[in-house]
Amino acid sequence: MCLSYTPGYFADHWCSKGHVLLCVDGELHTELEDGRKFTLTAGMSYQVADNAEPHRSFTEIGAKLFIVD
């Protein structure tokens with residue numbers, strides 16, 4: 001599934017669902033519940049398993065993502 005986040009998007013919850021995520025364009029910040037933070041730019045990806053590391057994402061400039069749940 002392709003998904004676009006508009007500039008200023010901020011997730012309103014911690015997500016426990018697993019994902020494989022590829023940042024196609026823009027920049028996405030992901031924060032884990034334990035406080036670690038990661039930034040994805042175009043061409044970068046990450047994966048997380050179900051119930052492994054609760055996370056939430058935000059973007060200041062917008063991002064286009066390819067996500068597999």
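The structure is a predicted model, in which local features need pLDDT of at least 70 and side-chain atom pairs count only at pLDDT 80 or more, whereas totals for chains, interfaces and linings use all residues. Residues are numbered from 1 along each chain as its sequence is written, and side-chain values use heavy atoms, with hydrogens and water left out.

Ser 16 is located in the loop between strand 1 and strand 2; strands (E, at least two residues) are DSSP runs numbered from the N terminus. When residues up to four places away in sequence are not counted, Ser 16 touches Ala 49, Asp 50, Asn 51 and Pro 54, contact being defined as heavy atoms within 4.5 Å. Between Ser 16 and Glu 60, 44 residues apart in sequence, the C-alpha to C-alpha distance is 23 Å. Asn 51, one of the residues touched by Ser 16, belongs to the loop between strand 4 (45-48) and strand 5. With 66% relative accessibility, Asn 51 counts as exposed. The phi angle of Asn 51 is near 60°, a positive value in a residue other than glycine. Most residues other than glycine have a negative phi.

Not counting residues up to four places away in sequence, the residues touched by His 55 are His 13, Trp 14, Cys 15, Lys 17, His 19, Thr 30, Glu 31, Leu 32, Tyr 46 and Val 48. The side chains of His 55 and His 19 make a polar contact at 3.3 Å. A polar contact is a pair of N or O atoms within 3.5 Å; within protein, one must be able to donate a hydrogen and the other to accept it, and residues adjacent in sequence count only if both atoms are side-chain atoms. The side chain of His 55 also reaches the backbone oxygen of Glu 53, at 2.9 Å. A C-alpha separation of 5.8 Å is found between His 55 and Glu 33, which are 22 residues apart along the chain.

The side chain of Ser 57 makes a polar contact of 3.1 Å with that of Thr 30. Apart from residues up to four places away in sequence, Ser 57 touches Tyr 9, Phe 10, Ala 11, Leu 28, His 29, Thr 30 and Tyr 46.

The side chain of Thr 59 reaches two backbone atoms: the oxygen of Glu 27 at 2.6 Å and the nitrogen of Ile 61 at 3.4 Å. With neighbours within four places in sequence left aside, the contacts of Thr 59 include Tyr 5, Thr 6, Pro 7, Gly 8 and Tyr 9, together with Glu 27, Leu 28 and His 29.

Across the whole structure, two aromatic pairs are found. Tyr 5 and Tyr 9 form a stacked pair, with 4.1 Å centre to centre and 0° between the planes. Rings of Phe, Tyr and Trp (its six-membered ring) pair if their centres lie within 6.5 Å, with planes under 30 degrees apart counted as stacked, over 60 as edge-to-face and the rest as tilted. Tyr 5 is buried at 19% relative accessibility, whereas Tyr 9 is partly exposed at 27%. Phe 10 and Phe 58 form a stacked pair at 5.4 Å centre to centre, with 25° between the planes. Because Phe 10 lies in the loop between strand 1 (2-5) and strand 2 and Phe 58 lies in strand 5, this pair ties together parts that are 48 residues apart in sequence. Phe 10 is partly exposed, with a relative accessible area of 45%.

A nonpolar surface patch of about 370 Å² is made by Val 20, Leu 22, Val 24, Phe 66 and Val 68. Patches are made of residues with over 30% relative accessible area and no salt bridge, nonpolar side chains (Val, Leu, Ile, Met, Phe, Trp, Tyr) being joined within 5 Å and like charges within 9 Å. A salt bridge denotes a side-chain nitrogen of Lys or Arg within 4 Å of a carboxyl oxygen of Asp or Glu. Accessible areas come from the Shrake-Rupley method with a 1.4 Å probe, and for residues only the protein chains shown count as cover. Strand 2 (19-32) and strand 6 each supply at least two residues of the nonpolar patch, and strand 2 gives the most, with three. Leu 22, found in strand 2, is partly exposed with a relative accessible area of 33%.

Note on methods: Helices (H or I, at least four residues) and strands (E, at least two) are DSSP runs, numbered from the N terminus. Buried means under 20% relative accessible area, exposed over 50%, partly exposed in between (1.4 Å probe, protein chains only).
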